[in-house]
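Thanks for making the time this morning.

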Amino acid sequence: MAVSERVLTPPAPEMTEPSVPGVSMMDEKQAMLQRRLVLIFTVIPFAGFIFAIVTLWGTGLSMVDASIALAFYFFTGLGVTVGFHRLFTHQSFEASRPLKVVLAVGGSMSVQGNIIGWVATHRRHHAFSDQEGDPHSPHLDEGPGIKGVLRGLWHSHVGWMNSREMTDAKRWAPDMLRDEDIVRVDKAFGWLTLATFVLPAILGLAITRSLPGMVTAFLWGSLARIFFLHHITWSINSICHFYGKRPFSSSDFSTNNWPLAILSFGESWHNNHHAFPTSAVHGIGKGQFDMSGSMIRLFEKLKLARSVKLVSAKQLAQKRLTEFRVKAAIEEKG
């Protein structure tokens, strides 16, 4: 099988009701609110990141600020990768109730959207990966030349969040709607967003007992951390559908990108994931670091996780692309 035998077609016009099941268009007021929220939660963390760099110049990053930022980066980042993605979206393992709730809260505090909407959108991405219906493919309407490539990458990275398309959770995430714990966390998204901004500052104040310590903890542990985590996550949508290696056959353009592996907790082994979407471990090759997969295995040993799904040797052999097939696939795409 070639890398992709699908003919990628441009999405429907902005004002046209989508023909994809479980997708509708929001009205103008909803669209305006969405655009404002996207602007707020992308620009403010970026401004905070720049200001944090300014405060670092000539003084250095304090151990307190670094520790707070890293702790929240790990908690919220793993909440997305282990929780939102591998547990809730793909059901690659089962979690105890306390672990399920903690992961749902951590993922919500990443400020990437409420949990039910996140799961529904990502399931739609897999159902229509790199074809019409995919909410954030870089390949659907990229146009010719370098401008087209940049346009496609921008859309898949952050531009898609301004789309008026709405993914119907009843169609794409009915199991999430039936889970009372998840519904509670989903409804608490506003409070959890507030908490992810405020808690680092409170910790900074409590540890340093100074207002400057509170301010720098807010800059690094809240704004800079959210900015960095956002762009690492969004890079999986953009970079990992454009640049990298494709060791396995899949019906889209997903790639493995090793430079992002550590920062994304193993999510950038994206071709592996699209080839085996229900696998709890994405780093299935030699030397492929996957912290999220390691954490799931640890949870299994601690009896907090069970029914962990892994890829068998037979499955690997069936989908592995030979060098000849990779070359042929690239020539077909080109």
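Let me begin with a definition: the bend at a residue is the angle between two axes, one fitted to the seven residues ending there and the other to the seven starting there. Helices are DSSP runs of H or I with at least four residues, strands are runs of E with at least two, and both are numbered from the N terminus. What you see is a predicted model, in which local features need pLDDT of at least 70 and side-chain atom pairs count only at pLDDT 80 or more, while totals for chains, interfaces and linings use all residues. Residues are numbered from 1 along each chain as its sequence is written, and side-chain values use heavy atoms, with hydrogens and water left out.

With that in place, helix H2, residues 63-89, bends by about 30° at Gly 79. Of the 27 residues of H2, 20 are buried, so this helix is largely enclosed by the rest of the structure; buried here means under 20% relative accessible area, exposed means over 50%, and partly exposed lies in between, with a 1.4 Å probe and protein chains only.

Just after H2, Gln 91 takes a positive phi of about 50°. This residue is found in the loop between H2 and strand S2 (94-95), and it counts as partly exposed because its relative accessibility is 41%. Leaving aside residues up to four places away in sequence, Gln 91 touches Arg 86, Arg 123, Asp 175 and Lys 309, where contact means heavy atoms within 4.5 Å. Gln 91 and Ser 307 are 216 residues apart in sequence, yet 9.6 Å apart in space, C-alpha to C-alpha.

How does that sit within the chain as a whole, and what percentage of contacts between residues at least 6 apart in sequence join residues at least 24 apart? The figure is 72%. The chain comes to 14 helices and 4 strands, and buried residues make up 49% of its 334 residues.

Another glutamine, Gln 112, is found in the loop between helix H3 (97-108) and helix H4 (115-127). Gln 112 counts as buried, because its relative accessibility is 17%. Its contacts, again without residues up to four places away, include Val 80, Leu 229 and His 230.
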